[in-house]
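I have a model open on the screen and a notebook beside it. Here is what I looked up, entry by entry.

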Amino acid sequence: MTLKIYNTLARRLEAFEPLEPGHVRMYVCGMTIYDLCHIGHARMMMAFDIVQRWLKVNGYRVTYVRNITDIDDKIIRRALERGISLRALTTEMTEAMHQDIAALGIEPPTVEPRATDYVPQMLGLIERLEAKGLAYHAESGDMNFAVRKFSGYGKLSGKSLDDLRAGERVAVDSDKNDPLDFVLWKAAKPGEPAEAQWPSAYGQGRPGWHIECSAMCGALLGETFDIHGGGADLQFPHHENEIAQSEGAHGQPLARFWVHNGFVRVDNEKMSKSLGNFFTIREVLAKYDTETLRFFMVRTHYRSPLNYSDVHLDDARSALKRLYTTLASVAPAPLDAIDWMQPFAQRFRAAMDEDFGTPEAIAVLFDLASEINRSQDAQLAGLLRALGGKLGLLQSEPAHFLQGGTGDQLLDEVAVAAQIVERAAAKVAKNFAEADRIRQVLLAQGIALKDSATGTTWERV
């Protein structure tokens, strides 16, 4: 089958082929790191973890870039509240993010750029936009993008300029020629810390949020690449503004496929701090094991709303137990490779090739488990484990999973996951001695690592 992906820009499923044969370049808008990751962040990163895993199953080499926004109004405000430097805050929150998402089996991206390392590229883009008449210098010192001068504005969100103008609820900012215009460069304001300012041809200041992503994806993936992803909440205005900046500067499409994951709801209400239904990953992992949380997310299609509740997590735990019970009763035979012509494997692949259809793929796993329970076939048990592995599931020892456990045990899992992330970084840096040292330290603590083409898993020994 041909892999098909829903393209938000085209508003339809489209057959996927990368620009460069055999190589997919993908950019996903990552975290603004001023606080701990919540379930919404986990959902986004899980969605694109599944995407990049399945692209690899399809034989593609994937360059996956997921950025870190480490300069932003919220970051400045939080650092001032805590009385620490911006760098101290963002370093602390980045380390916490790595621990949390590694605990969920989310593989690290190929490149994880920090916005503050790409300010020169941002300024270069702004200069290019100004030269093309798409940016102007406001009296305050800000540089703004002139939305009405970019003819394609609104094509991603489907919003016309007239509709957007009619929806304006506030008076025109005296700094803007049009209320739809957005900031590219913010002039330094009184009271802002010096570390939040950079020199430029436009005076001391810092980049706007939208220009950060345009600069990072362009620098790392080129002016046009294959997939741009992020949460549905970013479709407008963030991704719309990225298109305007990048395509306005370069005169060609930014990304061929735009992919957006659905919102997280809590008991059928939108997750929000103001509603008091806001949960960090760590709060959830204090009650549920990491694989249950992963399974809960994966069994909902990435574009559909994800309804979070304890009832749904309890159900996910029970469902996952059924699969592990099958593996506990029939020891899986080792597989050198999946035979994709095998009927269950064919069905699994067909589901995943249809816009990463994880709900249908998981239904195949349960059908396969039923057949294993009937036939007691060790080869099929090996296939169950192998197919689950393509989703980052069923890689623990069945007896260990079925014993259950929360609290301190889960904190141990987070610590192990953090070590795996550090080891992966050491390998990327070709510091193989450090990577081997981490493996040996974990082994001495009873944790055995297993490397594969899809990442690193671990088990207690």
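How are α1 and α9 oriented to each other, roughly parallel or roughly perpendicular? Before answering, I note that this is a predicted model, in which local features need pLDDT of at least 70 and side-chain atom pairs count only at pLDDT 80 or more, while totals for chains, interfaces and linings use all residues. Residues are numbered from 1 along each chain as its sequence is written, and side-chain values use heavy atoms, with hydrogens and water left out.

**Entry 1: α1 and α9**

I looked up the angle and found about 75°, with the axes of α1 and α9 10 Å apart. The two helices are therefore roughly perpendicular to each other. For my own reference, angles under 35 degrees count as roughly parallel, over 145 as roughly antiparallel, 65 to 115 as roughly perpendicular and the rest as oblique. The axes are lines fitted to C-alpha atoms, for helices over the stretch in contact, and the angles run from 0 to 180 degrees between N-to-C directions. Helices (H or I, at least four residues) and strands (E, at least two) are DSSP runs, numbered from the N terminus.

Next I checked who meets whom, with contact meaning heavy atoms within 4.5 Å. From α1 come Ile39, Ala42, Arg43, Met46, Asp49, Ile50 and Arg53, and they meet Leu293, Arg294, Met297 and Val298 of α9. I sorted this contact by class and got seven nonpolar, no polar and four charged residues. In this sorting, Ala, Val, Leu, Ile, Met, Phe, Trp, Tyr, Cys and Pro count as nonpolar, Asp, Glu, Lys and Arg as charged, and the others, Gly among them, as polar.

**Entry 2: the cavity**

On a 1 Å grid over the protein atoms alone, a cavity is a set of points where a 1.4 Å probe fits but cannot get out; a pocket is an open set with protein on both sides within 12 Å along at least five of seven lines; lining residues have an atom within 4 Å of a point. Grid points are joined across faces, edges and corners, and a volume is the space filled by probe spheres set on the points.

The largest cavity has about 100 Å³ of space. I listed its lining as Arg43, Met46, Ala47, Ile50, Met297, Val298, Thr300, Tyr302, Phe356 and Thr358. Seven of the lining residues are nonpolar, two are polar and one is charged.

**Entry 3: the second largest pocket**

I put its volume down as about 930 Å³. Of the 31 residues lining this pocket, His38, Gly40, His41, Asp233 and Leu234 are the closest to its centre. Two or more lining residues come from each of β3 (23-32), α1 (39-57), β4 (61-69) and α6 (209-221). Strand β3 gives the largest share, four residues. The classes here are 13 nonpolar, 12 polar and six charged.

**Entry 4: α9 and α10**

Back at α9 (residues 290-298), I found that this helix packs against α10 (residues 310-329) at about 105°, with their axes 9 Å apart. That makes α9 roughly perpendicular to α10. Their contact has nine nonpolar, two polar and two charged residues.

Helix α2 (residues 73-82) packs against α3 at about 105°, with axes 9 Å apart. In this pair, Ile75, Ile76, Arg78, Ala79 and Arg82 of α2 meet Leu86, Leu89, Thr90, Glu92 and Met93 of α3.

I also looked up Thr94, which sits in α3 (residues 86-103). Is Thr94 buried or exposed? Thr94 counts as buried because its relative accessibility is 7%; buried means under 20% relative accessible area, exposed over 50%, partly exposed in between (1.4 Å probe, protein chains only). Not counting residues up to four places away in sequence, Thr94 touches Ile33, Ile68 and Arg114.

**Entry 5: α7 and Leu254**

Helix α7 (residues 235-250) is mostly covered, with 13 of its 16 residues buried. Just after α7, Gly251 has a positive phi of about 75°. Leu254 lies in the loop between α7 and β10 (255-261), and Leu254 is buried, with a relative accessible area of 1%. Leaving aside neighbours within four places in sequence, I found Leu254 in contact with residues including Cys217, Phe225, His228 and Ile243.
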